[in-house]
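Welcome! Please take a moment to look over the sequence and the model before reading on.

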Amino acid sequence: MENRTARLTLLIDPKKKALFEKLCSDEDVTPSQKVRQLIREYIEQNVGPNWREEVFGQEDQDS
């Protein structure tokens, strides 16, 4: 299971933030869920589909 204890802080234009939150709400996901999804997709595009093994090792293969 992923360890969700690291925090990512960023600055964003307030209007973009409001639109992002609305779009997330329309999809019934939280902004944090969507950002984690976008990060996973970005990593997979750049590292490949087996990135979880590189990052988490054997422990994450069952989840």
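The report below walks through the helices, the residues beside them, an aromatic pair and a surface patch.

This is a predicted model, in which local features need pLDDT of at least 70, side-chain atom pairs count only at pLDDT 80 or more, and totals for chains, interfaces and linings use all residues. Residues are numbered from 1 along each chain as its sequence is written, and side-chain values use heavy atoms, with hydrogens and water left out.

**Two helices and their ends**

Helices here are DSSP runs (H or I, at least four residues), numbered from the N terminus. The expected span of a helix is 1.5 Å times one less than its number of residues.

| Helix | Residues | Number of residues | First to last C-alpha | Expected span |
|---|---|---|---|---|
| Helix 1 | 14–26 | 13 residues | 18 Å | 18 Å |
| Helix 2 | 31–47 | 17 residues | 24 Å | 24 Å |

At the start of helix 1, Asp13 places a side-chain oxygen within 2.9 Å of the backbone nitrogen of Lys15. Just after helix 1 comes Asp28, whose phi is positive, about 60 degrees, although Asp28 is not a glycine. Asp28 sits in the loop between helix 1 and helix 2. Is Asp28 buried or exposed? With a relative accessible area of 71%, Asp28 is exposed (buried means under 20%, exposed over 50% and partly exposed in between, with a 1.4 Å probe and protein chains only).

Helix 3 covers residues 51–56 and includes Arg52. Arg52 is partly exposed at 33% relative accessibility. Between Arg52 and Arg40 there are 9.5 Å in space, C-alpha to C-alpha, and the two are twelve residues apart in sequence.

The structure holds one aromatic pair. Its partners are Trp51 and Phe56, tilted at 55 degrees between the planes and 6.1 Å centre to centre. Rings of Phe, Tyr and Trp (its six-membered ring) pair if their centres lie within 6.5 Å; planes under 30 degrees apart count as stacked, over 60 as edge-to-face and the rest as tilted. Trp51 is buried, at 5% relative accessible area, and Phe56 also counts as buried, at 19%.

**A nonpolar patch**

On the surface, Leu8, Leu10, Ile12 and Ile39 form a nonpolar patch with about 390 Å² of accessible area together. Patch residues have over 30% relative accessible area and no salt bridge, and nonpolar side chains are joined within 5 Å; a salt bridge is a side-chain nitrogen of Lys or Arg within 4 Å of a carboxyl oxygen of Asp or Glu. Accessible areas come from the Shrake-Rupley method with a 1.4 Å probe. Leu8 belongs to the segment before helix 1 and counts as exposed, at 60% relative accessibility.

How values were computed:
Polar contact = N/O pair within 3.5 Å; in protein donor to acceptor, adjacent residues only side chain to side chain. Patch = residues over 30% accessible without salt bridge, like charges linked within 9 Å, V, L, I, M, F, W, Y side chains within 5 Å.
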